[in-house]
Amino acid sequence: MTKSAASAAAAQHDDSLMRELIALEPISGYQELMGYRLVEWREGYAVLELDIGPQHLNRAGVLHGGVPASLIDTISGFCGCYCPIPGRVRRCVTLSLTTQYLGQASKGTLRTTARVTGGGRKIFFVAAEVTAEDGTLVATGTGTFRYRAGSEDPNGVPRE
């Protein structure tokens with residue numbers, strides 16, 4: 001097998017594993033309420049999307065500021081808690097979260113991306129951004145998170 005063929009096969013395997021892990025992730029009550037969906041997930045990186053509906057708008061008819069803050073918090077936790085072993089999970093708690101609002105949106109799909117920027121055995125740091133469908137940068141954020149007991153291990157703990 002050539003080097004490029006091997007790389008393509010590895011990428012296809014990674015994509016298949018990512019889809020499997022996303023499918024195994026249970027939908028939380030908050031996810032159901034907000035309506036977001038996890039669309040990409042790998043070590044140190046995650047993406048979710050949200051179709052803006054009337055329930056996400058404030059009285060001025062634009063996206064309520066709590067929506068991007070929630071999306072940043074949510075995807076940041078996913079980003080740092082990737083576990084490549086089906087049936088196992090990693091969990092964390094938010095220690096601090098800072099959000100900067102840079103633009104507005106009132107329709108379309110929001111895409112929120114997050115990357116781990118550093119950390120150690122128990123604490124990790126994340127940077128995230130929320131982008132509107134038209135490319136407008138709606139918000140950015142940074143957060144500090146602490147792994148819950150057992151989740152410091154990249155192999156996670158058995159899913160309860």
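Modeller: The structure holds seven salt bridges, a salt bridge being a side-chain nitrogen of Lys or Arg within 4 Å of a carboxyl oxygen of Asp or Glu. This is a predicted model, in which local features need pLDDT of at least 70 and side-chain atom pairs count only at pLDDT 80 or more, while totals for chains, interfaces and linings use all residues. Residues are numbered from 1 along each chain as its sequence is written, and side-chain values use heavy atoms, with hydrogens and water left out.

One of the bridges pairs E49 with R37, with 3.5 Å between the closest N and O atoms. E49 belongs to strand β2 (residues 45-51) and R37 to strand β1 (residues 36-42), so this pair links distant parts of the chain, twelve residues apart. Strands are DSSP runs of E with at least two residues, helices are runs of H or I with at least four, and both are numbered from the N terminus. E49 is buried, at 17% relative accessible area, whereas R37 is partly exposed at 30%. Here buried means under 20% relative accessible area, exposed means over 50%, and partly exposed lies in between (1.4 Å probe, protein chains only); the areas come from the Shrake-Rupley method.

R37 also meets the side chain of D51 in a salt bridge, at 3.2 Å from N to O. Because D51 lies in strand β2 and R37 in strand β1, the pair ties together parts that are 14 residues apart in sequence. D51 is partly exposed, with a relative accessible area of 40%.

A further bridge joins R111 to E40, and its closest N and O atoms are 2.6 Å apart. R111 lies in strand β5 (residues 109-119) and E40 in strand β1, so parts 71 residues apart in sequence are tied together. R111 is partly exposed, at 30% relative accessibility. Through salt bridges that share partners, R37, E40, R42, E49, D51 and R111 form one network. Side chains of opposite charge can pair when their charged atoms come close.

As for the setting, the chain has three helices and eight strands, in the order α-α-β-β-α-β-β-β-β-β-β along the sequence. The radius of gyration, taken over C-alpha atoms, is 17 Å, close to the 15 Å that the globule rule gives for 160 residues, so the chain is as compact as a globular protein of that length. That rule is 2.2 Å times the number of residues to the power 0.38. Of the 160 residues, 38% count as buried.
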